[in-house]
Amino acid sequence: MKFTVDWLKNHLDTKFNNNQIIDKLTNIGLEVESFESSTSELDTFIVAKIINAKTHPNADRLKLCDVDIGSDKTIEVVCGAPNAKNGLLTVYAPPGSIIPKNQLKLSVSKIRGVTSYGMLCSESELLLSNESDGIIELKNNKYANKIGEKYFKNTSEKVIDLSITPNRPDCLGVRGIARDLSAAGAGKLKINKKSNLKYRGNQNINVTIKKEKAQGCTIFGSCLIKGVTNKESPKWLKDKIKSLGQKPISAIVDITNYVMFDLNRPLHAYDADKIDNEIIVRSSSKGESFEALDNKKYILENDMCVISDRSGVLGLGGIIGGTRSGTEYSTKNILLESAYFLPRSIRKTSKQLNIDTDAKFRFERGIDPLSIEDGLIKASELIKQICGGEISNLDVKKIDNYKKTIINFDPFLFEKTTGFNVKNKELIKILEKLGFDISKNKKILRLVVPSWRPDITQSIDIVEEIVRIKGYEHINTSEPIKTRLKPTLNYYQKLFHFLQRSVASKGYLETVTWSFTDSKINQLFKENDEEIPIVNPISSDLNVLRNSIFPNLLFYLKKNLDRGFKDISLFEIGPAFKGKNPGDQLTVIGAVRTGMVSRLSWNDKERIVDTFDVKKDVIQSLCEAGIDKDDIVIDDKTPSYYHPGKSGGVYQNKNEKNALAYFGEIHPNIIKKLDIKTESLVIFEIYLDYIKESKQKIKDLKSEYKFSDFQKSERDFAFIISKNFKSQELVNIIKCVDNKLIKSVRVFDVFEGENIPEGKKSIAVNVTIQSEEKTLNENDLENINKLIISSVESKSGAKIRS
Amino acid sequence: MSDIKKIKDDYIDKLNTENNIEKVNNIKSELFGKNGIISNEFKKLGLISVDERKKLASDLNNIKDELQNKISTKIQEIETKEINLKLEKEKIDVTLPERNIEIGKIHPVSQVIDEISSIFSEIGFSVEEGPDVENEYNNFTALNTPDNHPARDMHDTFYLDNNKELLLRTHTSPVQVRTMLKGKPPFKIIAPGRTYRSDSDQTHAPMFHQVEGLHIDKNINMGHLKGCLNYFIKEFFEVDKIKMRFRPSHFPFTEPSAEVDIGYEIKNGKIVIGEGNKWLEILGCGMVHPNVLKNVNVNPSKYQGYAFGIGIDRLGMLKYGINDLRAFFETDYRWLSHFGFDPLDVPSNYRGLSR
């Protein structure tokens, strides 16, 4: 909402200066976005000096001028003026300027083969005089030190731009703003002068508001103004319209606009002679169409509120008028409309047709239904004053009566809500100035809400009015109450933070990517999940919710590889979507690693990152987050985007349905499809929701401390075993031989090839044996050895290597 | 006796110049071996008179001690020399690089969320979360924003179905609704998380982060709201004083509503929070609207309280001098390394919010 201070003073008697007004507006909730002069087309013309004028290489009568325009570099301008000479001070118009004389927009152009950046102007081109023989010659003493400054002073008055919240339609008019300021002590609201308008005759174009279920109009007020002379608006009106950032059109249109911004009362003027017999306000039928004043043709749906005549639709009520009945300079007779349209209807129609107008913006928020006549009178007066004509009696048709809103307000609610007290007397004064009618019933105030405040419906709204006008600075700053109702984080929230930092501590950079992704990439990772398209995506490559974190992670991985990074470790923790209903999402960590370990190391051998690097990262992170390593079971079934032979799933227990995590190489087909070029690419993912919450706190989990001081022995075994036999099972078989004595089993060599039969491998394990009761003698150890060998051989079909 | 003294002096001279450990050992056995010179002298003691023996024995013991000391210091001396020589040869260039260090980083958004959670934890708030996909009711209607309300235009919403029933939450406020629907007052929560609006330019990203705050109890008023936010802003920006301005505004789900500005100035091209006479809007807040309380089955005549919503990304940008919002989500390795935080740098009260 834009207006000038002068305009405000039409409604407000105030001693406040501009800055005080600005501060007050913001303090009462009418946020000032800016307070500055409106920009003018003339702002671009600047004082310049010709440094060097030489003859154009291809045209004797043209000159090539180096022009100083106050910036670092001079500008080259081609000029045909005979008086262009070295040292001349003149006016320069850069490309983009609009030349006042012909309203042409300058562009960079080639003149006889030489590029000219802008133009040097003559007085006639700037409409300063008829002098067109040469360029302007500015006086040295006045302009010598003004090179680069604007030639035309911007004399337009400073404009206040307010950001009005959607609950305050009343402040979409200058008078409403003045009223708020007066309530806040910034002056006195001027009383509207009683109109002494003389009416002649009746409004004889019949108006009917059809009683329909979807009728979006409840009141239609109008008057006829006969014998007008439409013309350009006088300067004061033009200035007002310009201060709004709009272009003056004609007196009649400008007046209706002016009244809209002045009183927040949208009006519409029809050329009465173009109306076919009568006005019918009705709901549209699908397929009806009309050409609107924005020069677009709109095809209507059912149940849109239209103003029509016998020939069809004239315009969309409260939104936009039509060209068929538009006023022109030749218009002689006007039908002026001042109506009330239901916000819901306006909103629905404008959304469907995607139209936004100043009238729509206001009706949608709620116009004062009692302002019908005020609007007609104010506009008629101005029309009569500027364009002449005779005004008919006002005709107001209604299908619904306005009902007052009454609130019984207990002033105690104010203190209860805001924490401070305002005396009843002051409180009543504020409300009166805002336009409330107040009567008292003991402690309760009976408030009649002003008709221009559709936002006020209940007591809390009254509290807001008072505290807003009184000023938020009166609210005390209480010490925070530290009472805690429950622990800050629950188990899964702690897990989130812990795993996030745990993974990062393994050298991964955390990233945050969109929750949506490209369906083409997503499809490679979605497995059996349903695709979740966004109806209105921001772009076609962010058109689905991600089923997995990897589509985005790999997309950005590729970008970083393209930047020249080779050894990359990236992860994200966040949602992966499994369905389109609220809650169909899992919290997942997705991580990727590429390139080498120990690249270009002077002492370590470099090698590509592999499955066991990410396996370590994933297992260590899980252990750090509190999962017992002994519980972890690895499986080789993984989603299809993994390399089928080089990936694994991690389970918290043997019989769990859902894997906690997957790790491994990504499927070569995917690398190829995404055109990712790297030496190696391994990934892992952790599903936080599938981690079981431990029932015990760590304080309960710490068991009695036991250790053995008896000597421990280590024995090595090498088995020849089927190539597909899993080392995890071999280790389990050995552990099960004697859970008490066998403290650890470590695989220290795996070997295939020379001396090993086809389809077999050799696995070497180191077993630590220790008793908690005694030192084991050779005999005991020998027995265990035999037991280990026989168990392994019988359960796995392995053979001990001798 | 004089012989012995001479022998002793000879050997002392010899040991003084000797540098070979083997030869020193040979001398040792020449003197103290089974038939060593000194050993033999001791054997002779038995053959002489008691009077003489006493003196001679004492002299002999002195000579023995002297020689033995000499020998052991000599051995030590030679050994030290040898070790030093060996160590000298083993010297390496310790300025050669260590084995590769892999430094991971926490994203600024995550760090700021942890900072915020830590601050609010201090004053008794717990963390709640809600789904990213919401239904229309929780995101709008329950929050006193019916379909025909123009306030909906302020949120450019991503929809998942044509009926506009399912959407990506446009703010974290639906977590208020969920929290209150599933529990009983009092409530004291914050809810950080992802939020979405179909808006994309230099200063807007289609996804961003908000933290919602909600405190509902019997006598919570606007003074508490002011106190809570004043505390938060001071703690977050780690300054003693903060210039803060509460200004009336409008949100459908709070009444009265406020926007909060903080004072700032530009010093040497950098933004300094807390000083200066410029205002920067950083959050929206207010008293929870009675209609919202009714919608979630909380009796507004018994309970009342405040709610607030803060843009997390923006707070992070202000605190850590990050200019471009969109860079948060573009996964540029250089940016992540530059603005990321060490994973061990966990914001907490006792260790300090940030290093």
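Glu238(B) is partly exposed, because 13 other C-beta atoms lie within 10 Å. (Here, 20 or more other C-beta atoms within 10 Å of a residue's own make it buried, 12 or fewer make it exposed, and anything in between is partly exposed; the C-beta atoms are placed from the backbone.) Keep in mind that this is a predicted model, where local features need pLDDT of at least 70, side-chain atom pairs count only at pLDDT 80 or more, and totals for chains, interfaces and linings use all residues. Residues are numbered from 1 along each chain as its sequence is written, while chains are lettered from A and ligands numbered from 1 in the order in which they are written.

- You'll find Glu238(B) in the loop between α8 and β6 of chain B. (Helices are DSSP runs of H or I with at least four residues, strands are runs of E with at least two, and both are numbered from the N terminus.)
- Over in chain A, Asp675(A) has a phi near 55 degrees, again a positive value in a residue other than glycine.
- Asp675(A) sits in the loop between α17 (668-673) and β41 (681-687) of chain A.
- Asp675(A) counts as exposed, because it has 7 other C-beta atoms within 10 Å.
- Going from Pro185(B) to Pro186(B), the peptide bond is cis, with omega near 5 degrees; Pro186(B) belongs to the loop between α7 (174-182) and β4 of chain B.
- The peptide bond from Glu255(B) to Pro256(B) is cis too, with omega near -10 degrees, and Pro256(B) is part of strand β7 of chain B.

**Where the two chains touch**

- Chain A puts 77 residues into the contact and chain B puts in 71 residues. (Two residues are in contact if their C-beta atoms, placed from the backbone, lie within 7 Å.)
- On chain B's side, the elements that each supply at least two residues include α5 (108-122), β4 (187-196) and β7 (254-267).
- Which element gives the most to the side of chain B that touches chain A? That's α8(B), with eight residues.
- Sorted by class, the side of chain B that touches chain A has 34 nonpolar, 25 polar and 12 charged residues. (Ala, Val, Leu, Ile, Met, Phe, Trp, Tyr, Cys and Pro count as nonpolar, Asp, Glu, Lys and Arg as charged, and the others, Gly among them, as polar.)

**A residue in helix α5 of chain B**

- Ser121(B) is found in helix α5 of chain B.
- With 18 other C-beta atoms within 10 Å, Ser121(B) is partly exposed.
- Ser121(B) and Asn349(B) are 228 residues apart in sequence, yet 9.2 Å apart in space, C-alpha to C-alpha.

**Two helix pairs**

- Two packed helices are described by the angle between their axes and the distance between the axes.
- In chain A, helix α11 (residues 424-433) and helix α12 (residues 459-470) pack at an angle of about 95 degrees, with axes 10 Å apart. (Axes are lines fitted to C-alpha atoms, for helices over the stretch in contact, and angles run from 0 to 180 degrees between N-to-C directions.)
- So α11(A) and α12(A) are roughly perpendicular to each other. (Angles under 35 degrees count as roughly parallel, over 145 as roughly antiparallel, 65 to 115 as roughly perpendicular and the rest as oblique.)
- Their contact uses Leu427(A), Ile430(A) and Leu431(A) of α11(A), plus Glu465(A), Ile466(A), Ile469(A) and Lys470(A) of α12(A).
- The residues in this contact of α11(A) with α12(A) split into five nonpolar, no polar and two charged.
- In chain B, helix α2 (residues 21-32) and helix α3 (residues 37-44) pack at about 15 degrees, with axes 3 Å apart, so α2(B) and α3(B) are roughly parallel.

**A sheet in chain A**

- Chain A has an open sheet of three strands in the order β27-β29-β28, with antiparallel pairing. (Two strands pair if DSSP finds at least two bridges between them.)
- β27 (406-409) and β28 (437-441) of chain A are the edge strands, each pairing on one side only.
- From one strand to the next, the twist averages 20 degrees.
- Five bridges join β28(A) to strand β29 (residues 444-448) of chain A.
- Asn441(A) has Ile444(A) in β29(A) as its bridge partner.
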